[in-house]
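These are my notebook entries on a single structure. I record what I looked up, in the order in which I looked.

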Amino acid sequence: MKITDAQVFVGGPGKNYVTLKVMTDQGIYGLGDATLNNHETLPAAYLRDYLVPNLVGMDPRNSEDIWQLFYRGAYFRRGPVAMAAYGAIDMALWDIKGKLAGMPLYQLFGGKSRDGAMVYAHAAGSDLDALMDSVASYVEQGFKAVRVQCGIPGMPSAGYAVPKDDVGTTPYITDFSGIRPSVEGWDTGRYMRYMPGALAEIRARFGPDLKILHDVHHRLLPREAAELAKAVEPVGLFWLEDPTPAEDQDALKLLRQHSTVPIAIGEVFNSIWDCNKLIENELIDFIRVAVTYAGGITHVKRIVDLAAMHHVRTGFHGAPSHSPLSMAAQAHLNAWAPNFGIQEYLVLGTPACDALFPSEHRMENGMMYVSDAPGLGVDFDETEAERYTYSPGSHPIVRLEDGTVWNY
Ligand SMILES: [Mg+2]
């Protein structure tokens with residue numbers, strides 16, 4: 001069996017999805033997602049210019065060897081661009097493998113460990129009242145877990161993932177007016193003084209059963225993160241996400257010494273080498289990598305297995321930057337993983353998105369149910385794809401009051 005060609009498509013409804021289609025001499029094709037938010041043309045170019053010309057002629061069944069060949073063969077290893085490109089190839093090869101076997105991918109991993117996988121939605125409000133309304137709307141829809149983000153009184157800008165005006169779900173963070181980012185302000189003191197009380201009010205309103213998550217988005221220093229974690233302990237959060245910048249694996253030691261709040265981190269990680277110390281030293285409770293830019297199913301499965309040995313559960317990234325293809329790959333891992341925790345889920349199922357990526361994966365009452373179709377269980381409509389082109393976008397950058405650049 002041989003790979004005969006592979007094509008890269010960039011575009012989609014309200015997002016620049018990077019979709020890889022790998023063709024074989026047996027008529028079976030595989031699909032993968034290489035979308036790297038606001039940098040979509042880079043993995044696309046790496047695929048087109050370097051990886052696809054090498055891929056043609058290879059046996060697609062040898063997904064492990066092909067992963068090793070590209071990863072080790074590059075010499076300059078890792079990084080989100082390269083890992084997103086390898087991830088797309090890997091997803092496509094697993095898709096082909098599943099179609100050859102006539103099985104959904106979760107069967108090739110070891111079968112189902114559960115029927116439905118719990119997801120969390122994003123509630124947000126410009127102030128606490130608006131956030132409460134947003135949470136209530138998700139609870140009414142049957143969601144069992146909700147991430148909560150709200151505007152902070154006196155903060156120079158709305159805050160991470162907070163709508164600028166009225167109630168609502170998280171707005172698209174990408175600004176498609178161009179590649180020059182807008183600037184948001186940040187004040188750690190105001191955030192630290194306000195957020196613990198706000199989270200306590202949400203708990204009081206919605207009761208003990210709702211799983212409440214909150215994302216700090218890398219904004220705090222280790223000592224500040226420890227102080228916040230201590231302060232929010234009575235709230236009983238499901239998790240506190242990205243309390244410190246993710247590249248410092250030692251930053252969470254201080255927090256761990258002072259708080260038992262569950263910690264989730266890792267949406268920006270590209271490899272097991274970004275999180276091995278965090279996992280082995282049991283400094284986190286949830287690992288948030290994504291199949292898209294952590295090297296695909298082959299590499300993420302290794303991270304999941306290491307995490308399982310250390311009581312760390314999964315909580316895969318599921319921002320709108322993931323196409324239905326990588327969300328499907330994660331749905332199969334979620335169905336299998338003995339250490340599944342939760343899945344981030346932003347509503348992908350718009351009619352336009354469903355038309356571009358038809359599938360039978362489904363959401364019901366805050367649970368995701370994986371498709372039983374062979375492979376990933378998602379198709380790609382190339383005629384539909386002709387409607388879309390690449391549009392340059394950016395996410396904001398953050399500055400402190402005195403102008404110092406801070407962590408987005
Ligand atoms: Mg996050």
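**Entry 1**

I note here that the model is a predicted one. Six of the six residues of S5 are buried, so I describe the strand as largely enclosed by the rest of the structure.

I then looked up the partners of S5. Strand S4 (residues 116–125) is joined to S5 by five bridges, and the two run parallel. In this pair I found His122 opposite Arg147 of S5. S5 (residues 145–150) also pairs with S8, again in the parallel sense, over three bridges. There Val146 stands opposite Ile212 in S8.

**Entry 2**

I followed S8 (residues 211–215) next and found it mostly covered, with four of its five residues buried. Three bridges join S8 to S9, and these strands run parallel. Asp215 stands opposite Glu241 in S9.

Which residues coordinate the magnesium ion? I found Asp215 through OD, and Glu241 and Glu267 through OE, at 2.0 to 2.3 Å. Along the chain these donors follow the spacing D-x25-E-x25-E. Glu241 belongs to strand S9 (residues 239–241), while Glu267 lies in the loop between strand S10 (263–265) and helix H9 (276–280), so this pair ties together parts that are 26 residues apart in sequence.

Are the two glutamates Glu241 and Glu267 buried or exposed? Glu241 has 0% relative accessibility and therefore counts as buried. Glu267, at 8% relative accessibility, counts as buried because the cut-off is under 20%.

**Entry 3: helix H7**

I listed the buried residues of helix H7 (residues 222–232) as Glu224, Ala225, Ala226, Leu228, Ala229 and Val232. What do they pack against? The buried residues of H7 pack against helix H6 (188–206), S9 and helix H8 (252–258).

**Entry 4: the sheet S1-S2-S3**

I turned to an open sheet of three strands in the order S1-S2-S3, with antiparallel pairing. Its edge strands are S1 (3–10) and S3 (29–33), each of which pairs on one side only. On average, neighbouring strands of this sheet are turned by 20° against each other, direction ignored.

S1 is joined to strand S2 (residues 18–24) by seven bridges, and the two run antiparallel. Gln7 has Lys21 as its bridge partner in S2. Helix H1 (residues 41–55) packs on the sheet and touches S1 and S2, its direction making about 175° with that of S1. Helix H3 lies across S1, S2 and S3, running at about 145° to S3.

**Entry 5: the contacts of helix H3**

I examined H3 (residues 80–101) against helix H2 (residues 63–73): their axes come within 10 Å and cross at roughly 170°. H2 and H3 are therefore roughly antiparallel to each other. H2 contributes Ser63, Ile66, Trp67, Phe70 and Tyr71 to the contact, and H3 contributes Met83, Tyr86, Ile89, Asp90, Leu93, Trp94 and Lys97. By class, I recorded nine nonpolar, one polar and two charged residues in the contact of H2 with H3.

How do the axes of H3 and H10 cross? The axes of H3 and helix H10 (residues 296–308) come within 6 Å, at a crossing angle of roughly 100°. Met83, Gly87, Asp90, Met91 and Trp94 of H3 meet Gly296, Ile297, Thr298 and His299 of H10. The contact of H3 with H10 divides into four nonpolar residues, four polar and one charged.

**Entry 6: the sheet S7-S16-S17**

Finally, I looked up an open sheet of three strands in the order S7-S16-S17, with mixed pairing. Strand S7 (183–186) and strand S17 (405–406) stand at the edges with a single partner strand each, so one side of each is left without a neighbour in the sheet. S7 and strand S16 (residues 397–400) run parallel and are joined by four bridges. Val183 has Ile397 as its bridge partner in S16.

How values were computed: Residues are numbered from 1 along each chain as its sequence is written. This is a predicted model: local features need pLDDT of at least 70, side-chain atom pairs count only at pLDDT 80 or more; totals for chains, interfaces and linings use all residues. Side-chain values use heavy atoms; hydrogens and water are left out. Donors are N, O and S atoms within 2.8 Å of the metal (3.2 Å for Na, K and Ca); water is not among the atoms, so sites may look incomplete. Buried means under 20% relative accessible area, exposed over 50%, partly exposed in between (1.4 Å probe, protein chains only). Two strands pair if DSSP finds at least two bridges between them. Axes are lines fitted to C-alpha atoms, for helices over the stretch in contact, and angles run from 0 to 180 degrees between N-to-C directions. Angles under 35 degrees count as roughly parallel, over 145 as roughly antiparallel, 65 to 115 as roughly perpendicular and the rest as oblique. Contact means heavy atoms within 4.5 Å. Ala, Val, Leu, Ile, Met, Phe, Trp, Tyr, Cys and Pro count as nonpolar, Asp, Glu, Lys and Arg as charged, and the others, Gly among them, as polar.
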